[in-house]
Amino acid sequence: MSVAAVVACGGAAVWLMGVGDSQAHRARLLFAGGGALGTGPPSWERVSSGLRRVRARTGPEWWALVAGAVIALLGASVLPLVVGAAGVPLLRRVRRTGEARREQERRGDAVIALCGALAGEVRAGRQPGEALLRAAGDTGGLGDAQALVLAAARFGGDVPGALDDAARQPGADGLLGLAACWGVAVDRGAGLAAGLDRLEGALRAERDQRADLRAQLAGSRSTAVMLAGLPVLGLLLGTAMGADPLHVLLHSGAGLGCLLVGGVLEALGLWWALRIVRGAEAV
(Lines give C-alpha, C1' and ligand atoms only; values in the text may rest on other atoms or scores of the structure.)
Protein backbone atom coordinates (compact mmCIF):
# COMPACT_ATOMS: atom_id res chain seq x y z
CA MET A 1 0.00 0.00 0.00
CA SER A 2 2.80 2.43 0.91
CA VAL A 3 4.76 1.67 -2.26
CA ALA A 4 1.66 2.11 -4.42
CA ALA A 5 0.88 5.42 -2.70
CA VAL A 6 4.39 6.75 -3.31
CA VAL A 7 4.29 5.70 -6.97
CA ALA A 8 0.88 7.29 -7.47
CA CYS A 9 1.98 10.55 -5.85
CA GLY A 10 5.15 10.68 -7.89
CA GLY A 11 3.21 10.22 -11.10
CA ALA A 12 0.70 12.89 -10.10
CA ALA A 13 3.50 15.33 -9.26
CA VAL A 14 5.22 14.77 -12.62
CA TRP A 15 1.92 15.28 -14.42
CA LEU A 16 1.16 18.48 -12.51
CA MET A 17 4.61 19.96 -13.10
CA GLY A 18 4.72 18.97 -16.76
CA VAL A 19 1.21 20.10 -17.73
CA GLY A 20 1.23 22.86 -20.29
CA ASP A 21 4.33 21.48 -21.94
CA SER A 22 2.71 18.36 -23.41
CA GLN A 23 1.28 20.07 -26.50
CA ALA A 24 4.63 21.53 -27.48
CA HIS A 25 6.28 18.19 -26.78
CA ARG A 26 3.86 16.35 -29.09
CA ALA A 27 4.43 18.95 -31.80
CA ARG A 28 8.19 18.51 -31.54
CA LEU A 29 7.80 14.75 -31.80
CA LEU A 30 5.51 15.07 -34.82
CA PHE A 31 7.74 17.41 -36.80
CA ALA A 32 11.10 16.04 -35.70
CA GLY A 33 13.20 14.92 -38.66
CA GLY A 34 11.01 16.49 -41.37
CA GLY A 35 7.75 15.02 -40.10
CA ALA A 36 8.82 11.44 -39.50
CA LEU A 37 8.28 10.24 -36.00
CA GLY A 38 11.09 7.74 -36.11
CA THR A 39 13.81 10.15 -37.24
CA GLY A 40 13.90 12.37 -34.15
CA PRO A 41 16.43 12.19 -31.34
CA PRO A 42 16.67 8.99 -29.26
CA SER A 43 14.01 8.43 -26.65
CA TRP A 44 16.43 8.82 -23.72
CA GLU A 45 17.46 12.23 -25.08
CA ARG A 46 13.81 13.28 -25.27
CA VAL A 47 13.21 12.10 -21.71
CA SER A 48 16.30 13.95 -20.48
CA SER A 49 15.25 17.10 -22.32
CA GLY A 50 11.76 16.86 -20.86
CA LEU A 51 13.12 16.50 -17.33
CA ARG A 52 15.33 19.54 -17.81
CA ARG A 53 12.35 21.58 -19.01
CA VAL A 54 10.29 20.45 -16.02
CA ARG A 55 13.05 21.46 -13.61
CA ALA A 56 13.38 24.84 -15.35
CA ARG A 57 9.64 25.53 -15.16
CA THR A 58 9.10 24.42 -11.56
CA GLY A 59 10.75 24.91 -8.21
CA PRO A 60 11.42 22.78 -5.14
CA GLU A 61 8.33 24.19 -3.46
CA TRP A 62 6.23 21.64 -5.37
CA TRP A 63 7.68 18.92 -3.16
CA ALA A 64 5.36 20.23 -0.44
CA LEU A 65 2.42 19.10 -2.56
CA VAL A 66 4.05 15.70 -3.14
CA ALA A 67 4.70 15.27 0.59
CA GLY A 68 1.12 16.31 1.38
CA ALA A 69 -0.20 13.76 -1.11
CA VAL A 70 1.91 10.97 0.41
CA ILE A 71 0.79 11.80 3.95
CA ALA A 72 -2.82 12.11 2.77
CA LEU A 73 -2.70 8.61 1.32
CA LEU A 74 -0.96 7.14 4.34
CA GLY A 75 -3.32 8.84 6.78
CA ALA A 76 -6.47 8.40 4.64
CA SER A 77 -7.31 12.11 4.94
CA VAL A 78 -7.42 14.99 2.48
CA LEU A 79 -6.20 17.52 5.07
CA PRO A 80 -2.45 16.97 4.48
CA LEU A 81 -2.97 17.45 0.75
CA VAL A 82 -4.71 20.79 1.38
CA VAL A 83 -1.91 21.90 3.70
CA GLY A 84 0.71 20.86 1.16
CA ALA A 85 -1.05 22.81 -1.60
CA ALA A 86 -1.26 25.85 0.67
CA GLY A 87 2.45 25.57 1.42
CA VAL A 88 3.47 25.80 -2.26
CA PRO A 89 3.03 29.61 -2.62
CA LEU A 90 4.58 30.18 0.81
CA LEU A 91 7.68 28.16 -0.07
CA ARG A 92 7.83 29.86 -3.46
CA ARG A 93 7.90 33.22 -1.73
CA VAL A 94 10.70 32.03 0.57
CA ARG A 95 12.70 30.79 -2.43
CA ARG A 96 12.25 34.03 -4.35
CA THR A 97 13.27 36.03 -1.30
CA GLY A 98 16.48 34.04 -1.07
CA GLU A 99 17.14 34.51 -4.78
CA ALA A 100 16.59 38.27 -4.44
CA ARG A 101 19.02 38.39 -1.50
CA ARG A 102 21.67 36.51 -3.46
CA GLU A 103 21.17 38.80 -6.44
CA GLN A 104 21.55 41.80 -4.13
CA GLU A 105 24.83 40.40 -2.80
CA ARG A 106 26.11 39.75 -6.32
CA ARG A 107 25.29 43.32 -7.32
CA GLY A 108 27.14 44.65 -4.27
CA ASP A 109 30.20 42.58 -5.19
CA ALA A 110 30.00 43.94 -8.74
CA VAL A 111 29.94 47.52 -7.43
CA ILE A 112 33.08 46.85 -5.37
CA ALA A 113 34.77 45.36 -8.42
CA LEU A 114 33.70 48.38 -10.47
CA CYS A 115 35.32 50.80 -8.00
CA GLY A 116 38.59 48.86 -8.06
CA ALA A 117 38.64 48.56 -11.85
CA LEU A 118 37.79 52.24 -12.32
CA ALA A 119 40.58 53.29 -9.97
CA GLY A 120 43.02 51.16 -11.96
CA GLU A 121 41.89 52.65 -15.28
CA VAL A 122 42.25 56.20 -13.95
CA ARG A 123 45.77 55.45 -12.68
CA ALA A 124 46.61 54.09 -16.13
CA GLY A 125 46.11 57.62 -17.50
CA ARG A 126 42.63 57.39 -18.99
CA GLN A 127 40.05 60.12 -18.67
CA PRO A 128 37.22 59.44 -16.19
CA GLY A 129 34.60 58.94 -18.92
CA GLU A 130 36.71 56.49 -20.89
CA ALA A 131 37.81 54.73 -17.69
CA LEU A 132 34.18 54.27 -16.63
CA LEU A 133 33.28 52.82 -20.04
CA ARG A 134 36.04 50.23 -19.82
CA ALA A 135 35.55 49.38 -16.14
CA ALA A 136 31.78 48.99 -16.45
CA GLY A 137 32.20 46.76 -19.47
CA ASP A 138 34.56 44.48 -17.55
CA THR A 139 32.59 44.21 -14.30
CA GLY A 140 28.93 44.97 -15.06
CA GLY A 141 28.60 46.72 -11.72
CA LEU A 142 26.00 49.20 -12.96
CA GLY A 143 23.30 46.55 -13.40
CA ASP A 144 20.17 47.41 -15.33
CA ALA A 145 21.06 51.12 -15.45
CA GLN A 146 24.41 50.52 -17.15
CA ALA A 147 23.26 51.81 -20.55
CA LEU A 148 22.10 55.15 -19.11
CA VAL A 149 25.27 55.68 -17.07
CA LEU A 150 27.54 54.80 -19.99
CA ALA A 151 25.57 57.09 -22.31
CA ALA A 152 26.06 59.96 -19.85
CA ALA A 153 29.79 59.20 -19.61
CA ARG A 154 30.23 58.89 -23.38
CA PHE A 155 28.36 62.06 -24.36
CA GLY A 156 29.24 64.34 -21.45
CA GLY A 157 25.95 64.00 -19.56
CA ASP A 158 25.18 64.06 -15.86
CA VAL A 159 27.17 61.04 -14.71
CA PRO A 160 26.62 61.60 -10.94
CA GLY A 161 22.87 61.86 -11.52
CA ALA A 162 22.85 58.67 -13.57
CA LEU A 163 24.85 56.91 -10.85
CA ASP A 164 22.37 58.12 -8.22
CA ASP A 165 19.55 56.58 -10.27
CA ALA A 166 21.49 53.33 -10.66
CA ALA A 167 22.06 53.21 -6.88
CA ARG A 168 18.31 52.63 -6.37
CA GLN A 169 18.80 48.99 -7.39
CA PRO A 170 18.95 46.61 -4.42
CA GLY A 171 22.54 46.10 -3.39
CA ALA A 172 23.90 49.00 -5.46
CA ASP A 173 24.09 51.54 -2.62
CA GLY A 174 27.84 51.87 -3.18
CA LEU A 175 27.14 53.74 -6.40
CA LEU A 176 26.09 56.71 -4.27
CA GLY A 177 29.68 56.94 -3.01
CA LEU A 178 30.95 56.58 -6.57
CA ALA A 179 28.70 59.45 -7.65
CA ALA A 180 30.05 61.61 -4.81
CA CYS A 181 33.67 60.80 -5.73
CA TRP A 182 32.95 61.58 -9.36
CA GLY A 183 31.34 64.92 -8.55
CA VAL A 184 34.19 65.99 -6.24
CA ALA A 185 36.83 64.96 -8.77
CA VAL A 186 35.17 66.77 -11.67
CA ASP A 187 34.08 69.91 -9.83
CA ARG A 188 37.07 70.46 -7.55
CA GLY A 189 39.85 68.61 -9.34
CA ALA A 190 40.40 66.11 -6.51
CA GLY A 191 42.06 62.76 -7.16
CA LEU A 192 39.41 60.31 -8.35
CA ALA A 193 41.60 57.23 -7.91
CA ALA A 194 42.33 57.97 -4.25
CA GLY A 195 38.66 58.47 -3.46
CA LEU A 196 37.75 55.27 -5.26
CA ASP A 197 40.35 53.34 -3.27
CA ARG A 198 38.87 54.55 0.00
CA LEU A 199 35.35 53.80 -1.23
CA GLU A 200 36.32 50.30 -2.30
CA GLY A 201 37.96 49.63 1.06
CA ALA A 202 34.88 50.84 2.96
CA LEU A 203 32.48 48.78 0.84
CA ARG A 204 34.65 45.69 1.14
CA ALA A 205 34.90 46.06 4.93
CA GLU A 206 31.11 46.45 5.19
CA ARG A 207 30.57 43.35 3.06
CA ASP A 208 33.01 41.31 5.13
CA GLN A 209 31.32 42.46 8.33
CA ARG A 210 27.91 41.32 7.03
CA ALA A 211 29.35 37.98 5.97
CA ASP A 212 30.95 37.47 9.40
CA LEU A 213 27.72 38.34 11.18
CA ARG A 214 25.74 35.98 8.94
CA ALA A 215 28.20 33.19 9.70
CA GLN A 216 27.82 33.78 13.45
CA LEU A 217 24.02 33.70 13.17
CA ALA A 218 23.97 30.56 11.01
CA GLY A 219 24.02 28.39 14.13
CA SER A 220 20.96 30.13 15.59
CA ARG A 221 19.05 29.79 12.33
CA SER A 222 19.95 26.10 12.05
CA THR A 223 18.88 25.49 15.64
CA ALA A 224 15.49 27.11 15.02
CA VAL A 225 14.89 25.00 11.92
CA MET A 226 16.00 21.82 13.71
CA LEU A 227 13.66 22.46 16.63
CA ALA A 228 10.84 23.09 14.15
CA GLY A 229 11.41 19.61 12.72
CA LEU A 230 11.18 17.79 16.06
CA PRO A 231 7.40 17.13 15.77
CA VAL A 232 8.07 15.21 12.55
CA LEU A 233 10.60 13.09 14.44
CA GLY A 234 7.97 12.47 17.10
CA LEU A 235 5.50 11.26 14.49
CA LEU A 236 8.09 8.90 13.04
CA LEU A 237 8.91 7.50 16.47
CA GLY A 238 5.22 7.01 17.24
CA THR A 239 4.73 5.18 13.95
CA ALA A 240 7.74 2.97 14.66
CA MET A 241 6.24 2.07 18.04
CA GLY A 242 2.93 1.12 16.43
CA ALA A 243 0.90 3.97 17.93
CA ASP A 244 -0.46 5.17 14.53
CA PRO A 245 -0.21 8.93 15.33
CA LEU A 246 -1.51 9.95 11.89
CA HIS A 247 -4.86 8.26 12.54
CA VAL A 248 -5.12 9.93 15.95
CA LEU A 249 -4.27 13.39 14.56
CA LEU A 250 -6.42 13.23 11.44
CA HIS A 251 -9.46 11.20 12.56
CA SER A 252 -10.25 12.33 16.11
CA GLY A 253 -11.47 15.58 17.55
CA ALA A 254 -8.72 15.80 20.16
CA GLY A 255 -6.10 14.98 17.53
CA LEU A 256 -7.36 17.65 15.14
CA GLY A 257 -7.38 20.18 17.96
CA CYS A 258 -3.81 19.30 18.95
CA LEU A 259 -2.77 19.43 15.31
CA LEU A 260 -4.29 22.89 14.84
CA VAL A 261 -2.86 24.37 18.05
CA GLY A 262 0.54 22.73 17.50
CA GLY A 263 0.72 23.91 13.90
CA VAL A 264 -0.09 27.50 14.87
CA LEU A 265 2.44 27.51 17.70
CA GLU A 266 5.06 25.88 15.47
CA ALA A 267 4.58 28.50 12.74
CA LEU A 268 4.64 31.39 15.22
CA GLY A 269 7.77 30.08 16.95
CA LEU A 270 9.66 29.57 13.71
CA TRP A 271 8.59 32.99 12.40
CA TRP A 272 9.62 34.71 15.63
CA ALA A 273 13.01 32.98 15.78
CA LEU A 274 13.84 33.79 12.16
CA ARG A 275 12.62 37.36 12.67
CA ILE A 276 15.10 37.79 15.54
CA VAL A 277 17.91 36.44 13.34
CA ARG A 278 16.99 38.75 10.45
CA GLY A 279 16.81 41.70 12.85
CA ALA A 280 20.29 40.91 14.10
CA GLU A 281 21.59 40.73 10.53
CA ALA A 282 20.09 44.13 9.72
CA VAL A 283 21.85 45.87 12.63
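At what angle do the axes of helix α6 and helix α7 cross? In this predicted model, the answer is roughly 155°, with the two axes coming within 8 Å. Helix α6 covers residues 128–139 and helix α7 covers residues 146–154. Angles over 145 degrees count as roughly antiparallel, so that is how α6 and α7 run relative to each other. As for handedness, α6 goes past α7 in a left-handed crossing. On the α6 side, the contact is built from G129, L132, L133, A136 and G137, while α7 brings in Q146, V149, L150, A153 and R154.

Zooming out, the protein chain is a run of helices: 13 of them, with zero strands. Of its 283 residues, 28% count as buried. Looking at contacts between residues at least 6 apart in sequence, 55% join residues that are at least 24 apart.

Then there are the cysteines. A disulfide is a covalent bond between the sulfur atoms of two cysteines, and this structure holds zero of them. Take C115: the closest cysteine sulfur to its own belongs to C181 and sits 7.5 Å away, which is too far for a bond, given that a disulfide calls for sulfur atoms within 2.5 Å. C115 is also buried, at a relative accessible area of 0%. C258, on the other hand, counts as exposed, with 55% relative accessibility.

Terms used:
Residues numbered from 1 in each chain as written. Predicted model: local features only at pLDDT ≥ 70, side-chain atom pairs only at ≥ 80, totals over all residues. Heavy atoms only, no water. Axes fitted to C-alpha atoms, helices over the stretch in contact; angles between N-to-C directions. Helix = DSSP H or I, 4+ residues; strand = E, 2+ residues; numbered from the N terminus. Parallel < 35°, antiparallel > 145°, perpendicular 65-115°, else oblique. Left-handed = near helix turned anticlockwise from the far one by under 90°. Contact = heavy atoms within 4.5 Å. Buried < 20%, exposed > 50% of the residue type's maximum accessible area, 1.4 Å probe, protein only.
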